[in-house]
Amino acid sequence: MKQLKAFGEFWYDFIVGDDWHVAVIVVAGLILTALLTHLASVNAWWLLPVLVFAALGWAVHRATAHYKS
């Protein structure tokens, strides 16, 4: 059981890391891209990189907001 717990903790730390908000945005982007591609027949390959870039910018902004001069 200890090994199973360690395995789960590894994957949680690897996927979520320090900011669970970014992980949620990436998972939502994957789901939205899949839905647009398969259900609406939209060529939505561009959506995930846009969301990841926006999530990164948002995370950096939140991390550095209290350092403003």
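Select Ser 41, which lies in the loop between helix H2 (20–38) and helix H3 (47–64); helices here are DSSP runs of H or I with at least four residues, numbered from the N terminus. Ser 41 is exposed, with a relative accessible area of 64%. The terms used throughout are buried for under 20% relative accessible area, exposed for over 50%, and partly exposed in between (1.4 Å probe, protein chains only). Ser 41 has a positive phi of about 55 degrees although it is not a glycine. Most residues other than glycine have a negative phi.

The model is predicted, so local features need pLDDT of at least 70 and side-chain atom pairs count only at pLDDT 80 or more, whereas totals for chains, interfaces and linings use all residues. Residues are numbered from 1 along each chain as its sequence is written, and side-chain values use heavy atoms, with hydrogens and water left out.

Next, select Val 42, in the loop between H2 and H3. At 34% relative accessibility, Val 42 counts as partly exposed. Which residues does Val 42 touch, not counting those up to four places away in sequence? They are Leu 36 and Thr 37, contact being defined as heavy atoms within 4.5 Å.

Move to helix H2. Colour Ala 23, Gly 29 and Thr 33, which are buried in H2. Seen down the axis of H2, the buried residues fall within an arc of 120 degrees, so they line one face of the helix; the arc is that of the directions from the helix axis to the C-beta atoms. On the other side of H2, Trp 20 and His 38 are exposed. The cover over the buried residues of H2 includes H1 and H3.

Within H2, centre the view on Thr 33. Thr 33 is buried, with a relative accessible area of 14%. Neighbours within four places in sequence aside, Thr 33 is in contact with Ala 44, Leu 47 and Leu 48.

Now display helix H3. H3 has 18 residues and reaches 26 Å from its first C-alpha to its last, close to the 26 Å expected at 1.5 Å a residue. Leu 47, Ala 55 and Ala 59 are buried in H3. Viewed down the axis of H3, its buried residues fall within an arc of 95 degrees, so they line one face of the helix. The face turned away from that buried side carries the exposed residues Phe 53 and Leu 56. What covers the buried residues of H3 includes H2.

In H3, select Ala 54, which counts as partly exposed at 46% relative accessibility. Draw a distance from Ala 54 to Met 1: these residues are 53 apart in sequence and 39 Å apart in space, C-alpha to C-alpha.

Finish at helix H1. How many of its 14 residues are buried? The count is zero, and H1 is hardly covered. Leu 4, found in H1 (residues 2–15), is exposed with a relative accessible area of 57%. Gly 17 follows H1 and has a positive phi, near 65 degrees.

Notes
Helices (H or I, at least four residues) and strands (E, at least two) are DSSP runs, numbered from the N terminus. The expected span of a helix is 1.5 Å times one less than its number of residues.
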